[in-house]
Amino acid sequence: MEVTRKNFKEALPLIGESIAKADFLVIDTEFTGLINGRNVSMFDSPQEYYNTLLNGSTDFLLIQYGLCAFYWNDEEKHYMNDAYNFFLFPRGHPGPEKIFLCQSSSLDFLASQGFDFNKLIKEGISYMTEPIESRLRENLTERQSRILNDKDPIVIPDENKQQIEDICEKVRTFLDENKTDEMEIERCNAFIRRLLFQELGSRFKDEAFVETKVLENKSRVLKVTRIKSASDSKSKDDQKREKEWEEFEEAVGFSKVARMISQSEKLVVGHNMLLDVLHTLSHFFQPLPEDYASFKEFAHCMFPRLLDTKYMSSLPPFKDKVASTVLPHLIQTLSEPPFTLPEIPALSSRGYTFAQDKHHEAGYDAYVTGLCFLAMHAHVTRMRGEKCTRVTPDAAVLKPFINKLYLAKTAHQDSPYINLAGTDPSPSRDHVFHLTFPKEWQRNDINQLFSAYGQITVNFLNETTALVALSRKELAKTVSRAFVDNNRISLVPYVKYKLIAAKIFARQHCNDTSSDTKVVRDVASKKSRVRSSSLSLAPQPTRKRTSSGVVKVDDFEPPAKKIELTETTEDISDVISKPNGRRKNTKNKEVDDNVTDKDKVIERFDSDSKVTCVTTFKESYDWD
């Protein structure tokens, strides 16, 4: 069922019923972009992964939301689905203006899939966070109360008096002639309209009712309506206040659905759903915290049961049977033996069927994700020798997969998930090194350098630095000793590299908070191979739980965006020690490492430098 602002109010009760009767819910989303700036490294910890997405993804807009409710048919003993495809677009009045990023490759991809951007902007459902809703609700209540009790009129400036008098005379003529019941006053700015509300309201209080009318082209005019009785006057005032509240509730919009999902505490399923969860929380609930532990608590509080089918399909018994976990590939694999894809029908116009084939429509993708989940659930249940019936969120068969969000980029490096309800995996990085190499080197040169140590994994940071991981981890110490005398490269253990990078950022952050001056770095002539790295250590806003269990933010405004450090070759290589205890400066002179931290200065850093949106996370292999 497609839901826009035109039918959202009528569809809301149906959505509530679907959520209430569902055994589990499935979500999927579409955005205006994926990542801005530094991309995720395949060696990032779950905390670093979160910090990178927090800095690089939350300014994109969530434009389509798919919700599919799977409920049990007791008579026929099978599941059915109610599916909803929401177009979302936050509007200004009466909500706040929304400024957001777009990524050209993402919009191009959506357009190629038939996404209707005209419908998005014209008919998209608005939304807002809880803090903003609370603030605007209080403002509207206060404003309506102030209008009722306003005893201090605005003094009309001399230059506006004649215009106000002329309009009042036109209204007087309109009322005396008694030819029509309505008239419109055009070509008035906001201040003149405010003065007219005051003057017309006082002069013609019992004869006319004044209100603002918004035309199709979004321009505003004043509408004057003749009052025919005293009860009519009171009714018009009541209607105006009711209309303001209706417009406000419309601006809250889809946030009501997201909160219904949260309050249901049902099992929520998604495929590769980390970004879905981040955007759901930040757009409909509250700004995401900078503190990682607070994020995990916040997410678990809002959605106590989450299941990621991409994580589920990456584990035994599916790992060896599923060649690709991209959603279209996964559904095809699960349609063939030894798996069985269930048939999940729907009432007319209330859900999808598999034959509709509307991939990358959020509602349909949510439906397909639900089919994948049911197929995998049935397979595991049969392997345990149990009878496959309904899904029970607390069943032992699902316990290994609950509340673990898949991390696509780091999965093959032994840190495949964020555990919202427990401790994250913390794999060793002793076999990983930060490598600085000559600018003319290519991947083959790096392979040749490490040829004696087996296969390697290379993650380029820019044109002269990369992270290199050994497949034969036991040779890590040998590698460190082997390249001590190699003057063309610098090889530093990953842990030491991260500590130095953290110190660089911490010092720069301290400088930025203590002074308004900016140090400019000239990076115009440098070309990155892929992207650079950043670490963010900014303080988090104060968060607390209420008696209802909802996490609240003390300030209504979103927290300040963290400063992002863009590291280039010179940032790290200028301060990273070579294995022999010496290091190179930019003039190729050797300098002692016995230097205090305060003697080391970060030069040429530009916090305002522009970074182009990269497109490393492509639908074809990671963000499916």
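Student: Why is Glu265 called partly exposed?

Tutor: Glu265 has a relative accessible area of 47%. Buried means under 20% relative accessible area, exposed means over 50%, and partly exposed lies in between, with a 1.4 Å probe and protein chains only. The value of 47% falls between these cut-offs, so Glu265 is partly exposed.

Student: What kind of model do these values come from?

Tutor: This is a predicted model, in which local features need pLDDT of at least 70 and side-chain atom pairs count only at pLDDT 80 or more, while totals for chains, interfaces and linings use all residues. Residues are numbered from 1 along each chain as its sequence is written, and side-chain values use heavy atoms, with hydrogens and water left out.

Student: Where does Glu265 lie?

Tutor: Glu265 is in the loop between helix H9 (255-264) and strand E8 (267-270). Helices (H or I, at least four residues) and strands (E, at least two) are DSSP runs, numbered from the N terminus. Glu265 has a positive phi of about 55°, although this residue is not a glycine.

Student: Which residues of H9 are buried?

Tutor: They are Ser255, Val257, Ala258, Arg259, Ile261 and Ser262.

Student: What makes strand E4 (residues 78-87) mostly covered?

Tutor: In E4, 10 of its 10 residues are buried.

Student: How do you know that E3 and E4 pair?

Tutor: Two strands pair if DSSP finds at least two bridges between them. Strand E3 (residues 62-73) is joined to E4 by 10 bridges, therefore the two pair. They run antiparallel, and Phe70 has Asn81 in E4 as its bridge partner. E3 and E4 also form a hairpin with 4 residues between them, and Lys77 in the turn has a positive phi of about 60°.

Student: Which omega value belongs to the peptide bond from Pro316 to Pro317?

Tutor: Omega is near 5° there, and the bond is cis. Pro317 belongs to the loop between helix H12 (309-313) and helix H13 (327-333). The peptide bond from Pro337 to Pro338 is also cis, with omega near 10°, and Pro338 sits in the loop between H13 and helix H14 (362-383).
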